[in-house]
Amino acid sequence: MRLIARRLAIGVLVAFTVMTLAFLLTRLSGDLAVSIAGPSATQADVEIVRKAYGLDRPLYVQFFAWIGRAMVGDFGQSYFFKDSVANLILKRLPITVTLGLVGLSLALIVSIPLGILAALRENTWIDRGVTLFTMVGQAVPSFWLALILMIVLGLQLGLLPISGTGTWQHFVMPGIVLAFTAIPALTRLTRSGMIEAMASDYIRTARAKGLSRARIIFKHALRNAAIPVVSIAAVQLGFMLGGSIVIETVFALHGVGYLGWESIAKNDFPVVQAVVLVLAVFYIGLTLLADILNALLDPRLRNG
Amino acid sequence: MSALLEVEGLEVSFGGRTAAVRGASFRVEKGETHCLVGESGCGKSVTALAVMSLLARGGQRSAKKMSFAGTDLTALSDREMARLRGNRMAMIFQEPMTSLNPAFTIGSQMAEVLTRHKGGSRAAALDRAAELMGRVGITAPGMRLGQFPHQLSGGLRQRVMIAMALMCDPELLIADEPTTALDVTVQAQILRLLASLKRDLGLSILLITHDLGIVARIADHVSVMYAGEVVERATTAELFRAPQHPYTRGLLSCVPVPGRVQRDRPLGSIPGVVPAIGPGFAGCAFRSRCTHAVETCAREIPRRQAGEAHDYLCRLEPDWAELQPA
Amino acid sequence: MSEPIAIQAPQPSSAGSSRLGSAAFAIGIAIVALVVVAALIGNALVPADPFTQDLGNRLKPPFWMEGSEAGHLLGTDQLGRDYLARLVYGARISLLIGIMTVITSGLIGITLGVLGGFFGGRVDDVVLFAITTRLSIPVVLVALAVVGLMGSGLGLVVATLGLLLWDRFAVVARSTTMQVRNHDYVSAAWCAGASMPHILIREILPNIASHLAVVATLEMALAILLEAALSFLGLGVPPPLPSWGLMIAEGKDYMFFSPWVIMIPGVALAVLVLGINLVGDGLRNLLGAERLR
């Protein structure tokens, strides 16, 4: 438990660091007031903008103001949407989270059986086939896969809608593409975990007890092999949420990633800052969850 | 009278190349403790695994005869063999630290053997598990049921393994070096436990070991293995009184036995190392280290009788005398 | 001390049976070699220029489809530019970005990792903190933001990716350094009075170099894919430079009628990345045979 508390403390520190980096990120392009005011603004207009957005205050004052409000969830007002940043994010969050969960579920549904199969048929053609599949999966660019699926499943076969949200079908193709980003790693992990487990002494004992093969594989071996897979899956979800921007953009899913994309295009700095922070916090939370899951599932890690 | 376990001409190889066992034959009678003794690498563990059909991938076995309580083991399918394992034949292993699944409680691992083979409720199985744990000398068995393997010491884990092996009242217990990984004091306790189980339950035990001391303490019959063959078989008393095979004699001279060793005489040792046996090896595997080897030892070796239930593989006559040192 | 799951060094992947493993390795090297050759001399071999537009000849299909034109083996894009020429030029861009990014991120990551692994204690705490922070950052989003706010350009893309993709270098450098620093030859050098930089550079680095080479290949593949994604979204390599990602983006509008416009660069990307990964895996298997000394 002490370890978890320590991780939590570090996580909070990391969040603060990310907040700082996000703040600095948006200040990168130089004078924000100029960007907001637009190319056709006069010097007077720029000064008005500067005052209105509090950009005339010293940098560290702006920084602490941002931190102070961010900690209570007030990320300010969007420059372009007529809404508070927090509201914007909250409205889009369910879509991104749903997409992430769909992607992860699909990934696990594919990876775990494939990994087990490859492990049980180690060094046969099936195993090599699975390895080839994971290698190709890692090499294919996700946005390209998205387009291919659109052409095949959306257009030629007319099976699924290719953009927007609204029904569960809208999440299928994006979910598949997202799953592909995690399938290679999870499959390899399952496979190596199962190979190691099946070669262990306790499996020999299980065989000596005359247990059925199914029970040996799915109860005894898998239970041990799955421990790292479950926790890595949580981390992968974190990566998926962070990387959702590409897929949401291609499929026009109005999630948090897409919001980030729009706000970059529009120089909507408060939104950009907030999106970076929110995604980072999700990742931190998920890695913490991964460590907790790891401790829960492995009796050797629990205290006493 | 047919034995409980009869093995004749067992051969085991891995990957078609390494011949780990090249014709082992022995019998385990009902209610007796039979020791398979030999140094590391002689094939004794592999023999036990082969009997239980637990060989690792790539292992092939064949035997002229291998029967348990009249059932031909070589004719059984995997499924049928699995029904015997843990049920009428049980096995415990050398490394108690890694032989139990770290993710499940002691109780659940023990209970599943009983429910698997004899059905019944989990609660009843857990009761029996607690009872058996008490039988093997584990204190507070009720509490142990809910504990995980990593919470127990090596000696305790081995007792759990023994109790687990007894869940279905097996007729035969195969123990592969059960005390090698344990402290000396714990060793003695485990041996005493095995002896008492044999006495009280009529359990037949096939014990694999490299330690002649253990043989002396607990075995009724002994089979000595060298380089994949059984080179001598006898009752324990006979073996220690009148060992015949040069290897056995060499082994015994290495072990200081109170009352037998003479002062001022060096302990014996066997020069040389166990040879690597490739396919197509003929003759006696010990000849490279034997002071009595002659040309014919590279060919067929006769099996000689040295008394009732005492035979050995050597050209030398029974009760042959040592060559005097030059 | 156990590190968070996310930071634990990656396990070696499946060591396939050696015969197939070395076949895969050879294929990987062949692919990479082919792309390198194409990048170096390709545009000298292909007659057309990748930038010349020919609006009368737009969207001509490649030679295996009907309606194709002589002189344009792979057809033309939506502005009439020769597709093959652009594809070959794009190889140059991908490789260049891959290599430059790996050099930058490698320098950052290896330095951090070795320092943290060797000195341990507070230094290591700081390094681990930096790695954890870097891992929390949504990379694609931040890269897009940087390019979006500061204007696009090859150099900027390389710098951004280089500053973002050093994490695996750091993790592997750190864990291998921790294993190596306890070896006797390090103590021997220490006792002989060697200076700290000497130990780090002459004793530690050579022994972890092979593992870092494996990471380099994987990071190169990742950089190439990321650049393609950035260019696809319009915030990577600026047009008219024919980055493969950009070609896919430009072809997106026509993909339903002229699918080859996105198929070809996509396949090129996948094949190149696969080749690099095969090389990396091959290296890893070679290492598996000889353990870390």
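Predicted model: local features only at pLDDT ≥ 70, side-chain atom pairs only at ≥ 80, totals over all residues.

Colleague: Okay. Where does A:Asn123 lie?
Modeller: A:Asn123 sits in the loop between helix 5 (85–120) and helix 6 (125–139) of chain A. Its phi is positive, about 65°, although it is not a glycine.

Colleague: And what is its relative accessible area?
Modeller: It is 35%. Buried means under 20% and exposed means over 50%, so A:Asn123 counts as partly exposed.

Colleague: What about B:Glu177, buried or exposed?
Modeller: Buried, at 7% relative accessibility. B:Glu177 also has a positive phi, about 45°, and is not a glycine. It is in the loop between strand 8 (172–176) and helix 7 (184–201) of chain B.

Colleague: Switching topic. How many residues does the contact take from each chain?
Modeller: It takes 29 from chain B and 22 from chain A. Together the two chains bury about 2200 Å², 52% of it on carbon and sulfur atoms.

Colleague: Which residues of chain B lose the most area?
Modeller: B:Pro102, B:Phe104 and B:Glu112. Together they make up 24% of what that side buries.

Colleague: How many salt bridges are there between the chains?
Modeller: Four. B:Glu95 forms a salt bridge with A:Arg204, with the closest N and O atoms 3.0 Å apart.

Colleague: And which helix of chain B gives the largest share of the side that touches chain A?
Modeller: Helix 3, with five residues. That side as a whole divides into 15 nonpolar, nine polar and five charged residues.

Conventions:
Residues numbered from 1 in each chain as written. Chains lettered and ligands numbered in written order. Heavy atoms only, no water. Helix = DSSP H or I, 4+ residues; strand = E, 2+ residues; numbered from the N terminus. Buried < 20%, exposed > 50% of the residue type's maximum accessible area, 1.4 Å probe, protein only. Contact = heavy atoms within 4.5 Å. Buried area = accessible area lost by both parts, 1.4 Å probe. Salt bridge = Lys/Arg side-chain N within 4 Å of Asp/Glu carboxyl O. Nonpolar A, V, L, I, M, F, W, Y, C, P; charged D, E, K, R; others polar.
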